[in-house]
Amino acid sequence: MCVRDAEGTDVTPRGARARALIAILALSRNMTRSRRWIESTLWSSRDPKQAGASLRQTLSEIRRSFGEAKGVLLADRSSVSFDTSAVFVDLLEGRADAATGEELLEGLEINDPAYSEWLRSVRSACRPEAAPLVAQTPMSGMEAEAQSPAQPAPSEVAAQQARLIVAPDTSGNRTEDAIAHALGRQIARSVLDHVPVEISVASNMPKLSHRAATSDICLAPLVLDHGKTSMVSVELSDSPQGNLLWSEALTLDVSGPPILTAPDVIASANEAAEQIARQVVLINSGEGTLDQSLAKLDLGITETFSMEADRMRRADGLFAAVEDPRAKGLAAAWRSLLATMQVVERTAPDPVLRRAEAEAYLIEAMEVRPANATVLAVASQIINLLALPGYDALAMAQAAVRLSRWNPMAKLALGLAQMRKGDIVEAHRTIEMSRAYASRLRNKHWWDMCYSLAALATGRIDDAISAAESALVFHPQFRPPMRHLYALYLHKGRMEDAEAMLTRMRAVEPDFSLRMMRQDPSYPAATIRRTTLISQSDIAAV
């Protein structure tokens, strides 16, 4: 057995029990086992407390060995698993004892009767042709050369899941085709920020042909040079039906920025990633744990960003019901942001308890998915919004951007962290870029409002009004743009608009007032309080 990273380097840990745990997860349904089962299999002679400590040490050893790919190993309080969107297991064709004199997992015996029994059972469950295991994760950090793929034994076949196939169209021009391939891989990388999904590039298809998915999603980017302009198109279709699911075509002036840095291209790529994530949820709409978890996660995010109290309470229940370890980290992050919104917007019945819960969910998310860009970005924003001590929001945001440079939530987190540090000019630039990256997403109103605050902080009043108005158009119950537009309209002398906004605001927040915005330090209008937008005379006049 060996494990290789994306560069082909052997990252198999040296410890016997660490390698045994990898084999156990690789051969388990959905690559998941409960902590108690693992403890009773690898340390059956130890008491539960000692076995638990040994398991934690072994998990640390595996993560150290995996290096930058450590995020594929997921663990929470009840279970341990591999991220199946990032790890593939091939049972190689041709028996090892016929080819090399070895059998399945030879040399991986350890002195524990429970493990020995598991090893005997898994060897007998595999077909005579079974071969050693090779773990592969072609898109997110761990990859190995495949050799003559064979069907896994029936007892080990995992539930069918959607698969994303990156299959760029070719123009015959090496430069254009290279850009198309890079675009496809970047979109695929962005998808993993949203959902766990198996990803394959076209050149890897023969390796994965034995994994007959119920339905594949095909991603086909194309780049064509037309002299003074370049055409960039992205299409999503299902397979084997070939139905077009989504498409986008852009025409770019060659005198503009390079294709892979053009804001319109990045915005379209993020829209494609979001569309793919939604399709994964639809395809995986079965009764399995992952299927149900992804559906609850997707609906929970929608309900969270509705900004309506009843729907946000429903979102909390949906996130709490996510059970699959591959989705629990994301669910915990979004649940933490939801709790943070309720604290900041003063809709939590017990704000002290809710704040503590927000931090607890944040810690859980970081423990389960420490290498996910969206988790890090959301965590950074929570730390900023709640001013949590002992954390570095800027470092988290920077790490998120390094992991996924086109992730609009990561870029937004970086800008908000810069703003909190007092670098408002750079923050404005970063948040403006994040808003462009998110301009085609379903929850773009979040970026609109954050940009409105950045514009306000740098004295761009008209830009602040325009962005807040855009946020309100898409979500009429969104309180932040209402309260800020009231103050901004007053500042600009638009009294009728201000009165209309005051009426809307008091319908959802009866005690709202200009005095509260200006004088209550706990009220969510800190950016306005840092400006001279509202004066004492304004308060007296109103």
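Visitor: What makes a residue count as buried, and what share of the protein chain is buried?

Guide: Buried means under 20% relative accessible area, exposed means over 50%, and partly exposed is in between, with a 1.4 Å probe and protein chains only. Of the 542 residues in the protein chain, 54% are buried. Mind that this is a predicted model, where local features need pLDDT of at least 70, side-chain atom pairs count only at pLDDT 80 or more, and totals for chains, interfaces and linings use all residues. Residues are numbered from 1 along each chain as its sequence is written, and side-chain values use heavy atoms, with hydrogens and water left out.

Visitor: How do you know what is a helix and what is a strand?

Guide: Both are DSSP runs, numbered from the N terminus: helices are H or I with at least four residues, strands are E with at least two. By that rule the protein chain has 23 helices and 11 strands.

Visitor: And what makes two residues a contact?

Guide: Heavy atoms within 4.5 Å. Looking at contacts with a separation of 6 or more in the protein chain, 64% are between residues 24 or more positions apart.

Visitor: Why are β8 and β11 called edge strands?

Guide: Start with the pairing rule: two strands pair if DSSP finds at least two bridges between them. Five strands make an open sheet in the order β8-β7-β9-β10-β11, with mixed pairing. β8 (198-201) and β11 (244-253) each have a single partner strand, so one side of each is left without a neighbour in the sheet. From one strand to the next, the twist averages 15°.

Visitor: How do you know that β7 and β9 are paired?

Guide: β7 (residues 163-166) and β9 (residues 216-225) share four bridges, in the parallel sense, and the rule asks for at least two. One example is L164, whose bridge partner in β9 is I217.

Visitor: Which helices lie on that sheet?

Guide: Helix α6 (residues 174-191) lies across β7, β8, β9 and β10 (229-239), at about 145° to β9. Helix α8 (residues 263-283) packs there too, touching β7, β9, β10 and β11, and its direction makes about 175° with that of β11. For these angles, axes are lines fitted to C-alpha atoms, for helices over the stretch in contact, and the values run from 0 to 180 degrees between N-to-C directions.

Visitor: Why is α6 called oblique to α8?

Guide: Their angle is about 50°, with the axes 9 Å apart. Under 35 degrees counts as roughly parallel, over 145 as roughly antiparallel, 65 to 115 as roughly perpendicular, and the rest as oblique. The angle of about 50° therefore makes α6 oblique to α8.

Visitor: What kinds of residues make up the contact of α6 with α8?

Guide: From α6 there are L183, I187, S190 and V191, which meet V265, A269, N270, A272, A273 and I276 in α8. They divide into eight nonpolar, two polar and no charged. Here Ala, Val, Leu, Ile, Met, Phe, Trp, Tyr, Cys and Pro count as nonpolar, Asp, Glu, Lys and Arg as charged, and the others, Gly among them, as polar.

Visitor: What is the other sheet like, the one with β2, β4 and β3?

Guide: That open sheet has three strands in the order β2-β4-β3, and the pairing is antiparallel. β2 (32-34) and β3 (73-75) are the edge strands, each pairing on one side only. Three bridges join β3 to β4 (residues 79-82); in β4, F82 is the bridge partner of L73. Helix α1 (residues 16-26) lies across β2, β3 and β4, at about 80° to β4.

Visitor: What makes M307 and R346 worth a look?

Guide: Most residues other than glycine have a negative phi. M307 has a positive phi of about 65°, and R346 has one of about 60°, although neither is a glycine. M307 is in the loop between α9 (289-304) and α10 (309-320), while R346 is in the loop between α11 (325-344) and α12 (351-368).

Visitor: Are they buried or partly exposed?

Guide: M307 has 10% relative accessibility, so M307 counts as buried. R346 has 34%, so R346 is partly exposed.

Visitor: How do you know that T304 is buried, and which residues are in contact with T304?

Guide: T304, in helix α9, has a relative accessible area of 0%, so T304 is buried. Leaving aside neighbours within four places in sequence, T304 is in contact with M312, A315, F319, L338 and M341.
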